[in-house]
Amino acid sequence: MSDGPGTGGERTAIARRAGVVAAGTLSSRILGAARDAVIAAVFAVKATDAFFVAFTIPNALRALLGEGAVSGAFVPVFSEVREKEGFGRARRFYASLTGVMLVVLALVTVAGVLLAPWLVVAYAAGYEGERLELTVELTRLVFPYIFLMGLAALGMGALNSLKRFAVPAFAPALLNVALIGAAFLLVPVVIDLGWPAITALAAGALVGGVLQVLAQVPALRSVSLWQMPRVSLRDPYVRKALRLMVPLLAGLGVYQVNVMLSRLFASFLPEGSQSFIYYGQRVVEIPQGMFAFAIASAALPTLSDLRSRGLDDDVKRTFGYGLRLNLFVAVPATAALVLLAEPTVAVLFGRGQFDAWHVRETARSLAWQAAGVWAVASVRTVIPMFHAYNDTRSPVLCSAVNLVVFTAVSLGLMGAFGHAAIAAAFSAAAAAQLLALLALLRRRVGRLGLREVVQSAIRMLVATVAMALVAWPVSRLGRWAEGGNDPRNIAVFVASVVGGAVAYLIAARLLRAPELDDVLRALRRRRVSDSGR
């Protein structure tokens with residue numbers, strides 16, 4: 001007898017698909033860490049402050065009009081169309097929505113280039129003179145990235161809906177390849193043209209966007225979705241997706257106001273603050289993106305399918321499983337990044353123009369942001385539940401809670417703690433948002449059955465203590481002020497990370513954590529599948 005929806009077979013499938021997404025995301029994060037290390041070594045923090053603000057602006061719109069629209073509106077509607085009217089109808093819906101979104105993305109791109117000076121003031125009012133002018137020019141150069149990423153996100157959503165996860169998972173790594181290449185190859189070119197060296201990164205971002213779009217073409221062809229877009233607002237499913245997007249965009253917009261405020265607050269702090277916050281964010285995004293995003297991406301099509309068939313109990317069981325699987329990685333990752341903040345920053349960034357002071361200040365940012373990794377990971381797992389029920393309004397309220405808490409903590413602590421206050425505000429706001437989401441979700445669908453999640457979290461905390469007892473003493477053997485080029489530092493860092501991970505896994509095994517068994521089972525099935533090809 002085969003496993004039905006919501007049973008072990010479906011849960012193992014989610015774990016296996018999440019493993020594919022996690023592998024792709026891990027490759028992207030590793031390349032991203034290499035990219036950031038190259039940027040930190042090649043460019044001064046004065047230049048990177050300007051670039052990170054400029055790149056944040058189209059990235060914010062990418063999250064709104066690209067990935068946000070896809071995860072919240074496209075995937076559930078696409079699953080509904082395919083379930084009710086077949087793949088051919090779903091294919092026409094995809095073409096129509098793509099056409100509409102391309103028009104929107106083109107208009108937003110043109111507006112962004114024209115309004116760049118005002119956008120920069122909104123994100124960095126503390127900038128002036130040459131610093132302001134450079135940020136405006138970089139914003140204009142990099143803004144077309146939103147158009148490319150919006151198109152790529154639609155392809156990603158379509159492939160994920162059909163449970164094709166590999167290409168969408170690995171394609172983002174191409175942006176990092178392009179930026180690394182730009183730092184090494186384009187700097188002399190832009191200098192010869194009379195432009196600042198940092199503009200090489202803007203050009204690299206556009207090249208990376210083009211590569212991500214092109215990488216999806218073969219996969220879309222293989223599932224008969226590579227077709228000419230058409231602008232059609234008459235399609236009732238397009239109108240439904242757009243209706244779902246409105247509150248979703250409002251909720252994501254609140255979050256992006258949060259991002260804007262973080263850049264704005266940091267623009268009034270000493271030089272380098274933008275970069276310290278950015279580099280800390282990039283590190284915490286490794287576990288968040290590698291597993292939290294992987295679980296959310298792998299589970300959403302299943303949740304949407306189960307919900308469209310009226311299997312609400314299976315929806316709740318699948319949700320609880322996804323949350324437990326997510327926390328299995330997020331809890332130890334939180335502790336590891338807090339404990340190993342300085343070693344991590346030293347090894348990743350401590351070379352070239354990034355000296356011991358930069359390492360210490362970035363480590364402060366990383367430690368405070370890392371304290372909220374578990375909360376951010378959980379938020380990313382809870383939100384797809386609302387989307388599966390076509391509820392894009394409730395997350396808006398929770399995003400507003402995030403914004404209020406972030407602003408209050410930032411303004412209340414900035415005077416005493418500088419950029420570390422902004423980092424701490426991210427974590428506090430994510431925890432508040434998670435509590436609000438769970439409260440509204442319980443009102444929306446009834447009892448969530450989180451007793452197993454709490455029991456698993458307790459096991460994870462015990463295993464995390466075992467990890468800390470190994471990783472922390474080993475890390476004290478490093479000379480972190482000497483940076484990441486010191487072979488001893490690299491060896492100590494690797495030993496502390498590997499030793500801590502082994503200790504955590506052994507403790508999880510002794511505590512009989514079912515999440516570990518599910519991950520290992522998924523890996524075994526994947527090996528068997530690969531060997532049979």
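Is Glu137 buried, partly exposed or exposed? The legends below take up this residue and others in a predicted model, in which local features need pLDDT of at least 70, side-chain atom pairs count only at pLDDT 80 or more, and totals for chains, interfaces and linings use all residues. Residues are numbered from 1 along each chain as its sequence is written, and side-chain values use heavy atoms, without hydrogens and water.

**View 1. Salt bridge between Glu137 and Arg140.** The N to O distance is 3.4 Å; a salt bridge is a side-chain nitrogen of Lys or Arg within 4 Å of a carboxyl oxygen of Asp or Glu. Both residues lie in helix 5 (residues 129-142), three residues apart; helices are DSSP runs (H or I, at least four residues), numbered from the N terminus. Glu137 is partly exposed because its relative accessible area is 42%, and Arg140 is partly exposed at 32%. Buried means under 20% relative accessible area, exposed over 50%, partly exposed in between (1.4 Å probe, protein chains only).

**View 2. Salt bridges of Arg89 with Glu85 and Asp235.** The closest N and O atoms are 3.6 Å apart for Glu85 and 2.9 Å apart for Asp235. Arg89, in helix 3 (residues 87-114), and Asp235, in the loop between helix 10 (199-222) and helix 11 (236-267), are 146 residues apart. Arg89 is buried at 13% relative accessibility, as is Asp235 at 7%, whereas Glu85 is partly exposed at 43%.

**View 3. A salt-bridge network.** Arg35, Asp36, Arg282 and Glu285 are linked in this network. The structure holds eleven salt bridges.

How values were computed:
Helices (H or I, at least four residues) and strands (E, at least two) are DSSP runs, numbered from the N terminus.
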